[in-house]
Amino acid sequence: MSFLLVVLGFFLAACDAFPEHEVDALTAFKEAIYDDPVLALSSWNSLDANPCNWSGISCSMTSDHVIKLNMSGSSLKGFIAPEIYHLSSLKELVLHGNKFIGIIPKEIGLLKDLRVLDLGANQLSGPIPPEIGNLSSIIKINLQSNGLSGRLPSELGNLKDLEELRLDRNKLQGTLPGNNGSRVASNMHGMYVSSGNPAGLCRSSQLKVADFSYNFLVGSVPKCLEYLPNSSFQGNCLLDRDPKQRPVHQCGSITPPPPPKSHPGVLSKHRPHEDKSNRDDDSKPSWVKVVEIVTGVLFGSLFLVALVMGLRRCKNKSSIIIPWKKSTTYRDHMTMYLETGLLNDVAKYSRQDLEVACEDFSNIIGSSSDSIVYKGIIKGGPEIAVISLCIKEELWTGYLELYFQKEVADLARLDHENVGKLLGYCRESSPFTRMLVFEYASNGTLYEHLHYGEGCQLSWTRRMNIVIGIAKGLKYLHTEIEPPFTISELNSNSVYLTDTFSPKLVDFESWKTIISRSEKNSGAISCEGAVCVLPSSLNSRHLDVQGNIYAFGVLLLELISGRPSFCKEKGCLVDWAKEYLDLPEVMSKVVDPELKHFREDDLKVICEVASLCIKPNPLVQLTMQELCTVLESRIDTSVSSEIKASSLAWAELALSP
């Protein structure tokens, strides 16, 4: 057998090909990323079968295995693919400072050579899988600043070489797994070694640094961990530590869960069983041994035949590059933990109820290649807008389902008078359905009023009220909730107006992310009946807080000028307006011809704010809170200001709702 293993080693060396299962694992890792804003994975070349030159990848000296995957600080959004366990020689997995969501795959516990696991500063949730206790070579674990919950697994005590453990700033509960009752003595590292039979973290004799702060841990600190500083335990619900614990009202009714049941007799019963097996082996009849020898020879012969055939095949295909492709069984074997509890506080509608409310889904008020928007009335309830995602069931994966749930939960937490309210969702399998249910704004979109001949309804004061309403909504989304929320594509189509012309921001375009993950997105931004599209410079802009501020500046110009942000006939609105924004004597040329009157003081403020948004100073990062304060304090939207502007305002006010 030793000879066969040596021959197999030469055979693999002769092939000189990178293990395909490791390439597939990296492929799965990339597929689980739904947003790569800084193009950190752009060098992962689909034509290169050897990933050793890809960014964030380090290989062994012989370039035949991946030993390090470091994508820290890359702003990646997505999930950690379970297939990562196929990187069997991986020593370091560093994904610190990204925006990964979902759970920590239990398959990570199969990485026996892993020495560093750093998943800190992400948005991971769910429990810490006990399988992490199988990482026999691990030295450092960093899971800080996530949303992890549940108990600390006692299996962490299996990690005999663990030196650093950071679990701070999560939502972990339960007790610190240890052995408070054992007799302890100090070892050379200043830690405690139990003279009894320690459990949990008391078994990690090499642990030098550990941080459990700012969780919801209860009970007492194990004596074996008392060498750690007080700061390692502050911000919890512990009983016998320094006073820097959570207040009682935050701990609530959290109580230590019952300890796991012990089975003292298991170990003693197991050893005699093993001894008996050895005795049975010695007492085997001679004919059994002969059969085993013959079987071994046959298997050895078959192995040699397979080896020769494989070598020939390797020579014949040595010049073929493994293409970048999805495994046909990728979705079949993918196991994804779906956080069903995530939507417990969000109303769920049945497809049948929405079908009745929307008149058999015939009342279509908007559509695109990605989604269809229906209007409906819930029986005995409000008017609703139902957004239905256009996607085939076979393209839907566990990753997309969890992303859908995260989006619903994210939208459900928004509560502001200038932000569209999510009323609920619909999720059914037969027929396949994924829908969002929003409150309905009866006056349509701002885009329709500005560009479909109804701009005359928007007097100057109404436009100023809309400006301030949008600013208030964005200030709420950016600065008043945690984490902040950004509108995926902020433009006049994402601003809906109520019957009193109060604006409501609605993020319908978040669906595009889901569509793109299903590889169905066409890349075009379209709207039913629209003749204007976003320029490529805006289309490729990454959506974030500063991106929203830029889009807000464009929206201000669109509101006062009545011109779309971009049209084939008129070009880019920003380029046109820049000629007038800084010149008071010609500033009035940006005003919509539909307007019979306007206030010059207001116009000056709007142009100043728009300039700050579209020509940002890299040294000064403006916030929506600052911009909103400027607009509210310097723009007069009172009735008296409207009357002073023009005598025609009396007629407009009389017609106003």
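**Disulfides and selected buried residues**

At a relative accessibility of 9%, His 597 counts as buried (buried, under 20% relative accessible area; exposed, over 50%; partly exposed, in between; 1.4 Å probe, protein chains only). The model is predicted, and local features need pLDDT of at least 70, side-chain atom pairs count only at pLDDT 80 or more, and totals for chains, interfaces and linings use all residues. Residues are numbered from 1 along each chain as its sequence is written, and side-chain values use heavy atoms, with hydrogens and water left out.

His 597 is located in the loop between helix H14 (573-581) and helix H15 (600-614); helices (H or I, at least four residues) and strands (E, at least two) are DSSP runs, numbered from the N terminus. A separation of 7.2 Å was computed between the C-alpha atoms of His 597 and Trp 460, which are 137 residues apart along the chain.

When neighbours within four places in sequence are left aside, His 478 is in contact (heavy atoms within 4.5 Å) with Pro 484, Phe 485, Thr 486, Val 545, Asn 548 and Met 624.

A search of the whole structure returned 3 disulfides, a disulfide being a pair of cysteine sulfur atoms within 2.5 Å. In general terms, such a link is a covalent bond between the sulfur atoms of two cysteines.

Cys 52 is classed as buried because its relative accessibility is 18%, and Cys 59 is buried with a relative accessible area of 17%.

Another disulfide joins Cys 202 to Cys 224, at an S to S distance of 2.1 Å. Its torsion about the S-S bond is about -75 degrees, so the disulfide of Cys 202 and Cys 224 is left-handed. Cys 202 is in the loop between strand E14 (192-194) and strand E15 (209-211), and Cys 224 is in the loop between strand E16 (216-219) and strand E17 (237-238), so the pair ties together parts that are 22 residues apart in sequence. Relative accessible area is 6% for Cys 202, which is buried; Cys 224 counts as buried at 5% relative accessibility.

A further disulfide is made by Cys 237 and Cys 251, whose sulfur atoms are 2.1 Å apart. This pair links distant parts of the chain, 14 residues apart, with Cys 237 in strand E17 and Cys 251 in helix H3 (residues 248-251). The link of Cys 237 and Cys 251 is left-handed, with -100 degrees about the S-S bond. Both cysteines, Cys 237 and Cys 251, are buried. Cys 358 likewise counts as buried, at 0% relative accessibility.

Leu 143 occupies the loop between strand E9 (140-142) and strand E10 (147-151). The relative accessible area of Leu 143 is 1%, which means that the residue is buried. Beyond its neighbours within four places in sequence, Leu 143 is in contact with Ile 104, Leu 119, Gly 120, Ile 128, Leu 148, Arg 166, Leu 167 and Asn 170. The C-alpha atoms of Leu 143 and Asn 122 are 8.5 Å apart in space, and the two residues are 21 residues apart in sequence.
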